Amino acid sequence: MQNTTHRVTIEKSKVKPSLFKRFGRQWDLQLMVLPPLLFIFVFSYIPMYGVLMAFQDYSLFEGFAGSPWVGFKHFEMFFGAPEFWTVIRNTVVISLLKLLIGFPAPIILALLLNEVRNRVFKKVVQTISYLPHFLSWVIVSGFVMSMLSTENGSVNMLLQNLNLIKEPINFLSLPEYFWTILVTTGVWKEIGFASIVYLAAIAGVDPHMHEAAAMDGAGKLRQIFSITLPAILPVIIVFLILAIGNLLSAGFEDILLLGSNPVLRDVGDVLDTYVYRTGIQNNRYSYATAAGLFKSLLGVLLLVGANYAARKSGNSLW
Amino acid sequence: MKNGKKVFGFGSALLALTLAMTGCTGGGGSSTVSGEAKGGEGSTAEAAGNAYVLGEQPLEFSFYGHYDWYTMPNWGEDKASEWIKANKKVNVVPISSGGNAKQKLSTMIVSGELPDVIWTERGADVESLRKAGALVPFDDYLDKYPNLKKWAGQETIDMLRSEDGKLYQFPNWYTTQPNGNAGYLVNKKIYNDLGAPSLETTDELYDYLVQVKAKYPDVVPLEVGQSAGGVDIMTSAFAENRPYQYSSLSMKAIPSGDALTSVFTDEVFRETLVYANRLYREKLISQDAFTQPLEQVEQKIITGKAAVYVASSPTEFGAIGNSILSEEDPEAGYIMVWPVHKEGLDKNKIFPGTYNQLGWNVSVITKSAKDPEAVFAFLDWLTGPEGQRISMWGPEGLYWDGVDEEEAPKFTDAFTSDTKGRDELMNSTVNLQWVGNTVYVDNSKMKFESTLPEDKKSWETKWQSEITWKTQYDTTEFVNLNPAGDTNEGIIEQSVGEIYEKAKAQAILNAGSEEEVLAILDQAEKDAQQVGYAQLLEYKTQKWKENLEKLGR
């Protein structure tokens, strides 16, 4: 609040005080910003020299100083690897599926919850739906595997008892089911937690607007589309931009655990799992760094691109 | 607010950028490891004339087991190490891998803080440590301390030598006689219920599994274990003198004449997968073979929900299952059968298991050790008869008292009467068996078992002596064929390994007919050749020939 008053006074006087003076006036605020900035500097900027490894044949024993420089060798190997296109395709497809289904899902849940009038019911649903977020993937994948198991798996038992299938389906051994399982599990795990932000945004919408719309004869659906959604659009766009920036992070733990069956590698191998398997597990640190750097650069490009597109709507990050 | 967003957005972009790399950043420390030979030479020179006597001076060293699953028990908390600590003044400080061994070792290398002893697999990791000059050679100690030389033998020691001709690795469970448990476990109750049919050939096994499926719908007819490892074992049924190791993921090379050839074109491997695929399609093997966790396999075995179990060590769960099941019903339990073979082959030339003289893994002493000779002296004592007796069966007077003329312990009555206490003691030290002496331990055990009446004999030892030890194949000549991960061949090895894993799983799980199985393998061969399989096989052949030379075969 103090910040805005400052700004107002500045604009009124039309005289721009020196940087130092402005800083002095907000020293208390600046002090609060300092620790996070320091944190980012120490843990995000300083380790960045590690990308140099991508251009070396890095050896653990020699370190940076002793390892030979090899230019773009590891990038060439990565682009030329037989798995490259499969990995890229899987990464993009799984990400897009997660974005297409996983992104709107919490918004829909938030809208639905917002319409629930029974407070107790609403709280119970909210709590139950965000709990899975706190379970680790090891546990969740354990659930999923036992539910989908052919021997006494509950999904197969249900389908059999409903006479939909005769023989149990070995879900986790058939490539065609993998993406569905992955996306469904991801949505189930994160939908409740992600909806909290949207619920908060919806709570900030002025109730008078709803009342006025109701007076004009707008029904529930009309109100959602004409008032609630436009009102929370800025929040949605910010989250969408961030999601697009993360597009190449198709997932790691979930795929590693659910897709352990080698049969699924054609559909389940994404950039992160590939880097982990070929790079880290075989001590090919330079190769892993090169692939990681490639992914990060694309991620930055996507983020900038998404932001540029969003700027036209006036809701960009910067 | 606009500014805040900017910082946030920019920050998160950078965060994303760096997150991908933080896992790979080293401390940038240069070759501190090789430079840290702390006074090792001095003490060695001093002791050159007279050997280090264990127990005169207190000895303390740090020990790191390079495995995700390994947590060293605290030294001195069990009866064996308590005795060693009190009488030999040896204290071992554990360094834990924290469930992430690879990362732990990398961190220790980069920071130059290597443990005194590393317990790990033979091969690439040891070689890279040696090349960096981080390891202490044992050659000067070999003659001064008698046990390793005596029990492992010259051949094994020569096989363990590195490229520079020196010995850096102290073997664990090395042997000169066959050992191992691989084979076929059969559920006794089901077997007798079905009239105890002959289970000698693969066709008979198939018929039996069909009967099981018809009569016991809730039982897995053939359990093949985690990642369908049992299918690997079964390749041994389709040819004589053919250990499964040839077509396993770790070797992937079939000796043919004087060269190693592709696994995908190998008739035996192809025939096995056709057989396994048929069993899978007819629901005769565990349907989630490639996804089930080990605990699930264990549950099936100890509750008697599997009719046949084929694995590289089925006795482990079999022994537990046998005692649980037979307690409830004396007719229930497990037996083992002579390894299955394809019609027309000689059953005495079927080898489902393998052993090699070098044993399982090795301990290396790093230059961080203040007195490497003292550490070697301790390991040498531990692998000798006295060290083995105490670490296996506890201090003298408890389960054994005195030794015979061959230094085998004379077991007391408590050894058979107090089985619970004995097993507890043996389980408490199982993770302290770093330099196991197979020949000494097995012979001591067998000697004692042979004096026992039939009903007192341990289930495991019975089958080991009757079947499994007779059906293990010596594969010493095929050790250390694998290249280091960051070399050209290592990269090929990894690619071919992935092709192999995928093809095997597809052939078993998803192929609808024999033709499809073969088509998958043909495709795999093509893919493998494309990533340079031929070059890898050449490398392995070269290594194999070097081994043969060392072994004088």
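Chain B contains an open sheet of five strands in the order 2-1-3-12-4, with mixed pairing. Strands pair if DSSP finds at least two bridges between them; helices (H or I, at least four residues) and strands (E, at least two) are DSSP runs numbered from the N terminus. This is a predicted model, in which local features need pLDDT of at least 70, side-chain atom pairs count only at pLDDT 80 or more, and totals for chains, interfaces and linings use all residues. Residues are numbered from 1 along each chain as its sequence is written, while chains are lettered from A and ligands numbered from 1 in the order in which they are written.

- Strand 2 (90–95) and strand 4 (170–171) of chain B are the edge strands, each pairing on one side only.
- Strand 3 (residues 117–120) and strand 12 (residues 362–365) of chain B run antiparallel and are joined by four bridges.
- Within chain B, I118(B) stands opposite V364(B) of strand 12.
- Helix 14 (residues 372–383) of chain B packs on the sheet and touches strand 1 (59–65), strand 2, strand 3, strand 4 and strand 12.
- The direction of helix 14 makes about 160 degrees with that of strand 12 of chain B (axes are lines fitted to C-alpha atoms, for helices over the stretch in contact; angles run from 0 to 180 degrees between N-to-C directions).

**Domains**
- Chain B is divided into domain 1 (54–171 + 361–452) and domain 2 (178–354 + 472–553), with bounds from an automatic or database domain assignment.
- The centres of the two domains of chain B, taken over C-alpha atoms, are separated by 31 Å.
- Ten residues of domain 1 of chain B are in contact with ten residues of domain 2 of chain B (C-beta atoms, placed from the backbone, within 7 Å).
- On the side of domain 1 that touches domain 2, helix 5 (124–131), helix 7 (146–160) and helix 18 (438–449) of chain B each supply at least two residues.

Methods. Two residues are in contact if their C-beta atoms, placed from the backbone, lie within 7 Å.
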